[in-house]
Structure formats: C-alpha cells, structure tokens
Amino acid sequence: MIIVMQHTASAADLAAVVDKIRQAGLSEHVSRGAERTIVGAIGDERALSPAQFELMPGVERAMHVVKPYRIVSRESREGNTVVKVRGIPIGGEAIQVIAGPCSVETPEQMDAAAEAVRAAGCRLMRGGAFKPRTSPYAFQGLGISGLAYLQNAARPRQLPIVTELMDVRMLEVFLEYDVDVIQIGARNMQNFDLLKEVGKVNKPVILKRGLSATLSEWLMAAEYIAAGGNHNIIFCERGIRTFETAYRNVLDITAIPALKRETHLPVIVDPSHAGGKAWMVPSLALAAVAAGADGLLVEMHPKPCEAWCDADQALTPQELTTLMSSLRGVAAAVGRTL
Ligand code: PEP
Ligand code: MN
C-alpha cells in the first residue's frame, strides 16, 4: 500500500502512520520528496485498508498497489488455465460450444435436444432444472427430475452436462447426479455463501456475470470460489443491463479482452441471454469468438415455439448446425479450432 502524506503533515503524523504499518506486521519505506512524503507499506498489504490511513491526521490518500483478487489474477499465473471437463479442454486452442435448452422439460424434449447438440458437433450440453425466473408464477424448472432427464439424454452421447445451482441445499444432489459443470447464474454472482460452497467441491464452475456487475466485482466473486480451493472456474459474459431497451441485454464484447488480460481463467460468452432473440445469436456468437472468447453457451430447443422458457432466443437444431459451421471460419481467423 502507498500512503501519500499531506504537504502540511507533521513529523508526529508520519510517525503515527509508520507505527500503524508496523503494528500490522509490515515494514515501511519512507520517501521524502520536495513537496510530499510518500510511505510504502511493505509486506502483505491485504491486511491493511486505505480507509484506516485516510482517517489519520496528515494523510492525504492511501491506495492498494496489488489487486484484491489474487488466485484468479494473471499476477498469480502467466499462462492460460485450461479447465478440463471429462477430458474436454476449455480455455485451450479449441473453442467449446455448450448448447441445449433453457430448461429441461420432458425426457422426449431432452432426447431430441441432446441428439441435436451432438449432431451439430457441440461437445457439452446445457439445460436448467432449477430456473431463476423473474415471476414467481412462471415455470420454475422441474427440479431434481430435471437433472435426471438431462443426464439420461446427455450421458449416452458422451456430452458432459452444465446446469444451474441456485440453492446451496441442492449441492449434494448435484454431486449425486454427477453434474459435470455447476453454473452460477447472473442473479447469484454475488451470493457469497453459494460461492463459498462451490469453492469447496471438485467440480468446474461457470460463473456468469451479474446483471450490473463490474469486472472487478466479477473477479472478486470468482476469487471467493478460488479461495475455497476450487480453481476450475470459467467466466461467462451474458450481457449487462444498460439504458438500451431494444434488446434483452447488451453483450459486453469489451469485457472479453479486458477480462482475459486480468485473469488466466477461461472466458466464455452466452449470446442467447445477451441478445434475447434467436436471430441475434449468430452475430453475437461470431463477434464473441472474434474477440477472444474461449467458448459459447447457447440456447437451442428442438421446437423453439413450444419451449417453456426463453422460446424467442432458442436456436433450432438446424440453426445451431449452421452456426457451428460459420464459427469454424472465425475461429480459424483468430488462430483457434472448433
Ligand atoms: C441460464 O443460463 O439459463 C440463465 C438463467 O442465465 P443468466 O443467469 O445469465 O440469466
Ligand atoms: Mn434461458
């Protein structure tokens, strides 16, 4: 931490600052300039907060010099982390596409969806059994039986499953049903107790960006998971809320390179919840891969017009297949494979 003294600071003010640094178990480096004295606190500065110093007489301002997120930061690891899901690498050279319906509905729907996901060449399958709905009267997901339908459709096709965990009390059930990737939804990005619990398990986690979360808040949320010991975290940009009302959310393409500069962990993009309309999904998906995304999370339904949830943003099986082939060209242009 760096503490900048006021130009009127007395020797006693400076001594008090030095004392406080030493009390926290750190040492000081005092630099006396022509107009200002600057004190550097040397050691683990996370034990200190700027406010503790800014309230002291003679202190102008205090600031951290290291990032508050440690494990997820590039400072802790130079290369890219590849998260493996049943042997499928996420964050490596290959772009991974996770596809499937918004919600699990029936065994027949899931069987048709899994077949379409496989046929399109996607290697992982999504499907929500527990749905975070804006209205309490809307379909809330099938619950535990949804996990079974998802697993029964995906396993025979060697598709690892991705599904959202909303309530920490369901974590044991997720492990019992051998969910391959736990999704933490946008609305739960800062549910810290939930983050701490998924931090203790040995399962990859997709952490979606909160509706109005800054990159720093998102990185700190991931740090909660990492701090528990689970470093298999995948960030998912899914659009943020802005003043624009013409589409569901604004896909923050800028976040992709910005986040990848800050973290060594994989970053994927959900173009479906970003645009909210099926016709927008291909453009957003291509833009995401061009901008450096490591993968996509895409909603697809065997019959979108019959979907129980998010019908207007679901691709048809044919549209998913077409998207996969157009993604190949963009992936190749940025030195990736699909
Ligand atoms: C979802 O992926 O089904 C979902 C609800 O997404 P989000 O949390 O991004 O809204
Ligand atoms: Mn959805």
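A pocket is an open set of points on a 1 Å grid over the protein atoms alone, where a 1.4 Å probe fits, with protein on both sides within 12 Å along at least five of seven lines; lining residues have an atom within 4 Å of a point. This is a predicted model, in which local features need pLDDT of at least 70 and side-chain atom pairs count only at pLDDT 80 or more, while totals for chains, interfaces and linings use all residues. Residues are numbered from 1 along each chain as its sequence is written, ligands are numbered from 1 in the order in which they are written, and side-chain values use heavy atoms, with hydrogens and water left out.

**Pocket**

The largest pocket holds about 270 Å³ of space. That volume is the space filled by probe spheres set on the points, which are joined across faces, edges and corners. Its lining counts 20 residues, and Pro132, Arg187, Arg248, His273 and Asp310 lie nearest the centre. By class, the lining has 10 charged, 5 polar and 5 nonpolar residues. Here Asp, Glu, Lys and Arg count as charged; Ala, Val, Leu, Ile, Met, Phe, Trp, Tyr, Cys and Pro as nonpolar; the others, Gly among them, as polar.

Helices (H or I, at least four residues) and strands (E, at least two) are DSSP runs, numbered from the N terminus.

Buried means under 20% relative accessible area, exposed over 50%, and partly exposed in between (1.4 Å probe, protein chains only).

**Salt bridges**

The count is 22 salt bridges. Each is a side-chain nitrogen of Lys or Arg within 4 Å of a carboxyl oxygen of Asp or Glu.

| Pair | N to O distance |
|---|---|
| Arg61 and Glu60 | 3.6 Å |
| Lys67 and Glu262 | 3.2 Å |
| Asp252 and Arg209 | 2.8 Å |

Arg61 is partly exposed at 40%, and Glu60 is partly exposed at 31%. Lys67, in the loop between strand 4 (59-63) and strand 5 (83-85), is linked to Glu262 in helix 8 (residues 255-262), 195 residues apart. Lys67 is partly exposed, at 27%. Asp252 is buried at 16%, and Arg209 is buried at 5%. Shared partners also join Arg86, Arg155, Asp178, Asp180 and Lys203 into one salt-bridge network.

**Cysteines**

How many disulfides does the structure hold? It holds 0. A disulfide would need a pair of cysteine sulfur atoms within 2.5 Å. For Cys236, the nearest cysteine sulfur is that of Cys102, 13 Å away. Cys236 is buried, at 0%. For Cys305, the nearest is that of Cys309, 15 Å away. Cys305 is exposed, at 74%.
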